Amino acid sequence: RTLQRGVLSTFEAQAVANAAWAYATLGVKNETLMAALADRIVRDGFVRTFKAQEVANTAWAYAALGIKNEPLMAAFATRILDRKVLSQMNA
């Protein structure tokens, strides 16, 4: 259902992060889904709605699954450097 036309466009940042995290936690490498999630994140400035935890969880999911998506990681890097997001991150 998630990949049906128009469904991902209804997902907020937390839903996108949760979906990526869930698949990675289960070890399910659905490259079509992960590409669609990445596209959702980088399109139309949607990444600007991501909080620090959502960035971290989503980036972890791609790393855990061994999926490289350079546009996504570049968008996350820019987002992390936002002062508001950077201040939310802690060790």
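D44 is exposed, because its relative accessible area is 73% (exposed means over 50%, buried under 20%, partly exposed in between, with a 1.4 Å probe and protein chains only). The model is predicted: local features need pLDDT of at least 70, side-chain atom pairs count only at pLDDT 80 or more, and totals for chains, interfaces and linings use all residues. Residues are numbered from 1 along each chain as its sequence is written, and side-chain values use heavy atoms, with hydrogens and water left out.

**Loop residues**

- D44 sits in the loop between α2 and α3. Helices here are DSSP runs of H or I with at least four residues, strands are runs of E with at least two, and both are numbered from the N terminus.
- The phi of D44 is near 55°, a positive value in a residue other than glycine. Most residues other than glycine have a negative phi.
- K68 lies in the loop between α3 and α4. K68 counts as exposed because its relative accessibility is 82%.
- From K68 to L86 the C-alpha to C-alpha distance is 23 Å, with 18 residues of separation in sequence.

**Packing of α1 on α2**

- Helix α1 covers residues 13-26 and helix α2 covers residues 31-42; they pack at about 155°, with axes 11 Å apart. Axes are lines fitted to C-alpha atoms, for helices over the stretch in contact, and angles run from 0 to 180 degrees between N-to-C directions.
- That angle makes α1 roughly antiparallel to α2 (over 145 degrees; under 35 is roughly parallel, 65 to 115 roughly perpendicular, the rest oblique).
- The α1 and α2 crossing is left-handed, that is, the near helix is turned anticlockwise from the far one by less than a right angle; clockwise would be right-handed.
- V16, A19, A20 and Y23 of α1 make the contact with L33, M34, L37, R40 and I41 of α2. Contact means heavy atoms within 4.5 Å.
- By class, the residues of this contact of α1 with α2 are eight nonpolar, no polar and one charged. Ala, Val, Leu, Ile, Met, Phe, Trp, Tyr, Cys and Pro count as nonpolar, Asp, Glu, Lys and Arg as charged, and the others, Gly among them, as polar.

**Packing of α2 on α3**

- α2 and α3 pack at about 150°, with their axes 12 Å apart. That makes α2 roughly antiparallel to α3.
- The crossing of α2 past α3 is left-handed.
- On the α2 side, M34, L37, A38 and I41 meet T58, A61, Y62 and L65 of α3.

**Aromatic cluster**

- The whole structure holds two aromatic pairs. Rings of Phe, Tyr and Trp (its six-membered ring) pair if their centres lie within 6.5 Å; planes under 30 degrees apart are stacked, over 60 edge-to-face, the rest tilted.
- F46 and F50 pair edge-to-face, at 5.6 Å centre to centre and 90° between the planes. Both F46 and F50 are buried.
- F50 and F76 form a tilted pair, at 5.8 Å centre to centre and 50° between the planes. This pair links distant parts of the chain, 26 residues apart: F50 is in the loop between α2 and α3 (52-65), F76 in helix α4 (residues 70-80).
- F50 counts as buried because its relative accessibility is 0%. F76 counts as buried because its relative accessibility is 2%.
- Ring pairs join F46, F50 and F76 into a cluster.
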